[in-house]
Amino acid sequence: MKILLVEDEKFLADPLIAILKKNNYSVDHCFDGESGLDHALSNIYDVILLDIMLPKLSGVEILKKLRKIDKLTPVIMLTARGEVPDKIAGLDWGADDYVSKPFSTDELLARIRAVTRRKNKIIAQNDELVFADLTLSPSVLRLSSSSAYISLTLKECQLMEYLITNSPMIISKEKIIDRIWGFDSEAEDNHVEVYISFLRKKLLHINSKVSIVTVRGVGYKLCSGDLETDF
Ligand code: CA
């Protein structure tokens, strides 16, 4: 799971990032509203945590612009005491939830789990993701079908998770690179092709009906194997 944190207060952001990472989230952090908006529009995040008072562009402004294009990515506003009107504006403009500073990290983690469950509508128990006959267990890096299971590397697991949570959307190679390797990485298209081929071999190995379909010139999507119309 990948989280975007837009928060200009370093003393709040640093401990929060540490806790999120400890809970197996990968985190990108922006200090100001402009870079926050750029990142938010990339559509590679599972959750966006948005402070309201930010340099350059406020959290509410980011949310307004984001929601014109992306109505789905869950947004949790981080509000300070006394920002009640902003809080209401945030919810009006399509935030999914908010926490008031100072908040307990347990509360924030629970809210992150709740909004991602709502978004994905995937049966998620003990952090497992289910797609057709597949169950992905990120905490133990394991992919199971109804008859067998196999271990995944961390990158394979992240890629599978990205494909499952975005199904039935087609995911471009560029988005996969941004998401799995990060914006600053030197990874190229063939890195993605290699990892897709690893995953395809593993899907065959466990006899899953699920396949990763190449949509030429666009990207990849998961096919459950049940639907002839998947293409
Ligand atoms: Ca702030």
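Helices (H or I, at least four residues) and strands (E, at least two) are DSSP runs, numbered from the N terminus. The legends below use these names, and the model they describe is predicted.

**View 1. N24 in the loop between α1 and β2.** This view shows N24, whose place is in the loop between α1 and β2. Phi of N24 is near 70°, which is a positive value in a residue other than glycine. Most residues other than glycine have a negative phi.

**View 2. The open sheet of five parallel strands.** The strands follow the order β2-β1-β3-β4-β5, and their pairing is parallel. At the edges lie β2 (26-30) and β5 (97-100), each of which pairs on one side only. On average, neighbouring strands of this sheet are turned by 20° against each other, direction ignored.

View 3. Strand β4 covers residues 75-79 and is joined to β5 by four bridges. The two strands run parallel. Across this pairing, M77 stands opposite Y98, a residue of β5.

**View 4. The salt bridge between K101 and E7.** The model has 11 salt bridges, and the close-up shows one of them, in which the side chains of K101 and E7 meet at 3.0 Å, N to O. This pair links distant parts of the chain, as K101 and E7 are 94 residues apart. K101 lies in the loop between β5 and α5 (105-120), while E7 lies in the loop between β1 (2-6) and α1 (10-22).

View 5. The peptide bond from K101 to P102 is cis, with omega near -5°. P102 has its place in the loop between β5 and α5. K101 is also the residue whose side chain meets that of E7 in a salt bridge. The peptide bond from S167 to P168 is likewise cis, and here omega is near 5°. P168 is found in the loop between α6 (154-166) and α7. Most peptide bonds are trans.

**View 6. The open sheet of four antiparallel strands.** This sheet has the order β6-β7-β8-β9, with antiparallel pairing. Its edge strands are β6 (129-131) and β9 (149-151), and each pairs on one side only. Between neighbouring strands of this sheet the turn is 15° on average, direction ignored.

View 7. Three bridges join β6 to strand β7, which covers residues 134-137. The two strands run antiparallel. F131 has L134 in β7 as its bridge partner.

View 8. The residues shown are E174, E186, E188 and D189, which form a negative surface patch. E188 is found in the loop between α7 (173-181) and α8 (189-205).

Technical notes. Residues are numbered from 1 along each chain as its sequence is written. This is a predicted model: local features need pLDDT of at least 70, side-chain atom pairs count only at pLDDT 80 or more; totals for chains, interfaces and linings use all residues. Side-chain values use heavy atoms; hydrogens and water are left out. Patches are made of residues with over 30% relative accessible area and no salt bridge: like charges are joined within 9 Å, nonpolar side chains (Val, Leu, Ile, Met, Phe, Trp, Tyr) within 5 Å. Accessible areas come from the Shrake-Rupley method with a 1.4 Å probe; for residues, only the protein chains shown count as cover. A salt bridge is a side-chain nitrogen of Lys or Arg within 4 Å of a carboxyl oxygen of Asp or Glu. Lys and Arg count as positive and Asp and Glu as negative; His and the chain ends are not counted. The place of a charge is taken as NZ of Lys, CZ of Arg, CG of Asp or CD of Glu. Two strands pair if DSSP finds at least two bridges between them. Axes are lines fitted to C-alpha atoms, for helices over the stretch in contact, and angles run from 0 to 180 degrees between N-to-C directions.
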